[in-house]
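The account starts with a cavity and then moves to its surroundings.

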Amino acid sequence: MPLKGPLTNTELEFASNQPRLCDNYLFRLRIKPKKRDIAGLVYYILCQVSGIIQYIGETERSLKSRFLEHCRPSSTSSEVSQHIHIESPGHHINLDEVKILEREPYYFKRGVKEAIHIRVNKPSLNRNGGRYKLPRVYDPLLESQVRKVTCSSSESLC
């Protein structure tokens, strides 16, 4: 049975005596993107050497694009870059160890979610509370409802 749509140029072949069954299977088939290619998210970075230096950020671009900015020595606006290249040379971060805390395509909601995670986790590299200032009246609710992040260390990519 020939494939139609985005799978037309693939070398996949399906055989079935019930063509509708194959069509239904292909309709439900989802290809999971690699973590580094996901965009529109709130993420958590842990310094691989210290194991306690943390950063929480957000990006509308792919995680890999933002991660490479953090690794660039010339990136003056990145707290992570300043930590690994100026304040603590020899420290490093690993893309495979970055945790995705939230996936959010909408700019405003992503900024609020970043502010919530910064408030709850109190990461040491974040200079401020994120793009949005959350009123302190929400602190008890955030502390009870949002889980703190834990991360392990491994091999470096920077």
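The largest cavity holds about 30 Å³ of space, a volume being the space filled by probe spheres set on grid points joined across faces, edges and corners. A cavity here is a set of points on a 1 Å grid, over the protein atoms alone, where a 1.4 Å probe fits but cannot get out; lining residues have an atom within 4 Å of a point. The model is predicted: local features need pLDDT of at least 70 and side-chain atom pairs pLDDT 80 or more, while totals for chains, interfaces and linings use all residues. Residues are numbered from 1 along each chain as its sequence is written, and side-chain values use heavy atoms, without hydrogens or water.

The lining of the largest cavity includes Ile53, Gln54, Val80 and His83. At least two lining residues come from each of β1 (39–46), β2 (54–62) and α3 (79–87), helices (H or I, at least four residues) and strands (E, at least two) being DSSP runs numbered from the N terminus.

Ser124 lies in the loop between α4 (107–121) and α5 (139–145). Leaving aside neighbours within four places in sequence, Ser124 is in contact with Ile52, Ile53 and Gln54. A polar atom of the Ser124 side chain lies 3.2 Å from the backbone nitrogen of Gln54.

Conventions:
On a 1 Å grid over the protein atoms alone, a cavity is a set of points where a 1.4 Å probe fits but cannot get out, and a pocket is an open set with protein on both sides within 12 Å along at least five of seven lines; lining residues have an atom within 4 Å of a point. Contact means heavy atoms within 4.5 Å. A polar contact is a pair of N or O atoms within 3.5 Å; within protein, one must be able to donate a hydrogen and the other to accept it, and residues adjacent in sequence count only if both atoms are side-chain atoms.
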